[in-house]
Amino acid sequence: MYSIVWLMLLAYSKLVSTEKFTNEGTKSIFILAGQSNMSGRGGVVNATWDGFVPPGCRPNPMVRRLRSDLTWELAREPLHKDVDVNKTCGIGPGMAFSNWILERDLGLGVVGLVPCAVGGTDISRWSRGGSLYNQLLHRARAAMHGGGGLIRAILWYQGESDTENLGDAKLYKGRLEKFFADVRSDLMSPMLPVIQVALASGQGSYVDIVRKAQLEIELPNVRCVDAKGLPLEPDGLHLSAAGQVQLGHMLADAFLQIMAPLPVSSGAPKRAPNFFSGLV
């Protein structure tokens with residue numbers, strides 16, 4: 001009897017919490033997409049996460065996460081735990097990014113993170129019409145309409161899987177540019193900021209070709225931050241938790257630069273540009 005009552009109370013608590021996060025007003029939404037280094041493998045060794053959450057990645061009452069069931073909850077690591085379900089998730093850049101942004105008082109209000117990254121996926125699997133692409137669009141639209149929100153940017157870290165084949169590496173730039181253009185078109189936001197990451201590592205021999213493609217992309221409101229040299233886990237492929245914190249700060253700084261000339265220090269109320277007002 002007591003167990004039944006406890007389960008009912010737990011379900012009610014979850015319902016109230018979800019309703020609160022849904023009806024709290026307009027969120028500033030960030031899409032997290034790509035493969036394992038965006039999903040997060042920081043602190044994961046031999047398929048086991050050590051459970052350590054760096055201070056810069058700890059929960060913040062102003063940061064939400066869109067769960068796999070398309071409801072909002074207080075964001076906490078691992079952000080991709082119910083999205084990238086075939087591998088063990090650990091620390092990624094999303095929480096460090098969010099906390100760094102909020103410390104700078106940009107006036108974004110509540111930050112809503114939308115995890116979409118899936119480990120081991122090459123760029124062709126993110127092409128328009130594919131399952132990963134469709135899932136990204138579905139989750140992005142649900143985030144906007146599930147309580148209201150504006151998509152402020154896509155954070156993109158992918159390409160390690162495209163370093164294994166020379167042909168894929170050579171085609172990478174064109175495929176990535178088309179992906180960015182397609183997403184912006186389908187979300188009806190042609191100037192939506194995209195912050196992409198140049199590879200720190202790769203699964204094959206053609207890392208330099210993919211990195212060159214990433215660093216040479218010149219599209220409006222697309223910025224690239226370079227992860228080369230950030231600390232890696234012992235596997236030599238995935239960023240460590242410390243590396244993910246650094247990357248989160250780099251992504252945040254790049255986003256703040258796109259927001260310029262808006263002031264980012266504390267003071268009078270400030271608002272970020274609305275890149276997605278047409279759908280809200």
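## Leu74 and its strand

Leu74 belongs to strand E5, residues 72-74, where strands (E, at least two residues) and helices (H or I, at least four) are DSSP runs numbered from the N terminus. This is a predicted model, in which local features need pLDDT of at least 70, side-chain atom pairs count only at pLDDT 80 or more, and totals for chains, interfaces and linings use all residues. Residues are numbered from 1 along each chain as its sequence is written, and side-chain values use heavy atoms, without hydrogens and water.

Leu74 counts as partly exposed because its relative accessibility is 24%; buried means under 20%, exposed over 50%, and partly exposed in between (1.4 Å probe, protein chains only).

An open sheet of seven strands with mixed pairing runs in the order E5-E4-E6-E1-E7-E8-E9; two strands pair if DSSP finds at least two bridges between them. E5 and E9 (222-226) are the edge strands, each with a single partner, so one side of each lacks a neighbour in the sheet. The twist averages 25 degrees from one strand to the next.

Strands E4 (residues 63-66) and E6 (residues 111-115) pair in the parallel sense over three bridges, and Val63 stands opposite Val111 in E6.

## Packing helix

Helix H5 (residues 166-186) packs on the sheet and touches E7 (149-157), E8 (194-198) and E9, contact meaning heavy atoms within 4.5 Å. The direction of H5 makes about 170 degrees with that of E7; axes are lines fitted to C-alpha atoms, for helices over the stretch in contact, and angles run from 0 to 180 degrees between N-to-C directions.
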